[in-house]
Amino acid sequence: MADSEASFSTIAQAMERLGLSRAELYRRVKDKALKADKTDRRLRFAEDELQRYSQVLAAEHETVQEALSRWLTFFAERLVQSGREEPPSVAEKTTAEQVAELGRRILLSALAGEVNNLYLDPLHQGDRLLVGIDGHRTELARFPAPLAAPLKSWFKALAPLTQLADSGVFEGLGKYQDEGAARQFRLAVVPTLLGEHLHLHIYLDRQQKTLEELGYTPAQSTALSGLLVGRPGLLLVVGPAEAAAERHRLALARQLSAAGRLVVSLEHRIQYRAEELIQLDLPTGQPFEPLWRAALGMGPDVLLFDQVDSAAEARSLLEGVGSGAVVVAQLLAPTALDGLGQLLRFEMDRQALSRALLGVVERAVMRRLCPACRTSRPPTPEEAALLDVAPEAEIGVAQRCDHCGDGFSGRRYLCGLWPADDGLAPWIRSAAPDSPLPAPPPELSLAAAARQAVLEKDALLEEALPFLRG
Ligand SMILES: [Zn+2]
């Protein structure tokens, strides 16, 4: 009698037969890729299904091996091009070890190329790898689904991930150490309709970040340094919420901590662990007061706020100044006056604010014209008048090339500086709705920085117009 039991396999037998781990086997059953029967609440597998599926796996294995050898070679070549030694061959290693080596080569070539963003982005079939330097992204590779899945698992294991409150998004901070160089990164895993999207943001630790590298003109940099070494007071940094805002604040903090000063940073969302700062985590919805007392108790020389979103926080800015500290607060708003308006809506005392304020930094971001393909043209008479240049000057025009795709490559950061004494403090004090809006000193203004970007052919005049007209 042909016992029907004999033509079925148990889970253990199926794992052995197909060479899959228990988790992998369950995942494939759950995805309905591999069919299983359930008897007595146990999975069992029919013989003809196992036969069919071992062929599926063989084809899949071949796809993975082909893709692995192609992309391992591709990234080895990139490493050699960037001046690193050729990595040893891993052709004899297991598939899992080869996947890990591919992940390592992707990361190393990103670090060698000073890339600060890596994305594994799901498509209908497999995933594409995008790399970005500031705002400029390019597609480097496409991985078939059976390779993309374990590769994404390798990346996800680089950092302990926690779920962001009430969202499907997971985030974690990690550090990647290789051949003496350690880089911090933030990993985000975001669910999309096509699958998991991974974003690895690498913090490139260029130690001596000067104010000029942050987008300040030499005149602004001198004026800002002057403000920060004077009396204790409040510096507001106002600008759009974008990735560079974080870098800007940390680089300012580095400058301020350079002279051995104690810098305490209050952060609603810690994105980077900086050794030279004392960082205090301010989770949303938790009382601010105890943490603020702790921060003041440290007797800081400098206090940093990554955002100000309550009346208690707004009051603490002035309290920090009163304690003798320089307070640097970041506000997410389009202009300096909008930022000040945010603070005043928290019913900050106008007199006290105008006394404490050292100045306001306005930040803006523009697309940078691709230096490989941009061309130039003379300005029209109106444009020449607006820029205050002779008509024979030249300004940039966007073209397009293989390197950029759309004429732009990366970002140009602009800053404007309003020292409080120049009209701003009296305006804050007056509170009269009809008092004329103050203007920053022309040579320190955002308009001056935008003009410089246009004349350096780094930015399009059309995009700079809102700043030029102030
Ligand atoms: Zn180009």
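**Aromatic rings and charged side chains in close-up**

**View 1. Arginine ends over phenylalanine rings.** In this predicted model, the charged end of arginine 367 sits over the ring of phenylalanine 408, 3.6 Å from its centre; a charge sits over a ring if NZ of Lys or CZ of Arg is within 6 Å of the ring centre and within 35 degrees of the ring normal. The charged end of arginine 44 likewise sits over the ring of phenylalanine 8, 3.6 Å from its centre. Residues are numbered from 1 along each chain as its sequence is written, and side-chain values use heavy atoms, with hydrogens and water left out. Because the model is predicted, local features need pLDDT of at least 70 and side-chain atom pairs count only at pLDDT 80 or more, whereas totals for chains, interfaces and linings use all residues.

**View 2. The pair of tryptophan 71 and phenylalanine 75****.** Rings of Phe, Tyr and Trp (its six-membered ring) pair if their centres lie within 6.5 Å, and planes under 30 degrees apart count as stacked, over 60 as edge-to-face and the rest as tilted. By this rule the model holds seven aromatic pairs. The rings of tryptophan 71 and phenylalanine 75 have centres 6.5 Å apart and planes at 45°, so this pair is tilted.

View 3. Phenylalanine 75 is buried, at 0% relative accessible area (buried means under 20%, exposed over 50%, partly exposed in between, with a 1.4 Å probe and protein chains only). Phenylalanine 74 is partly exposed at 26%.
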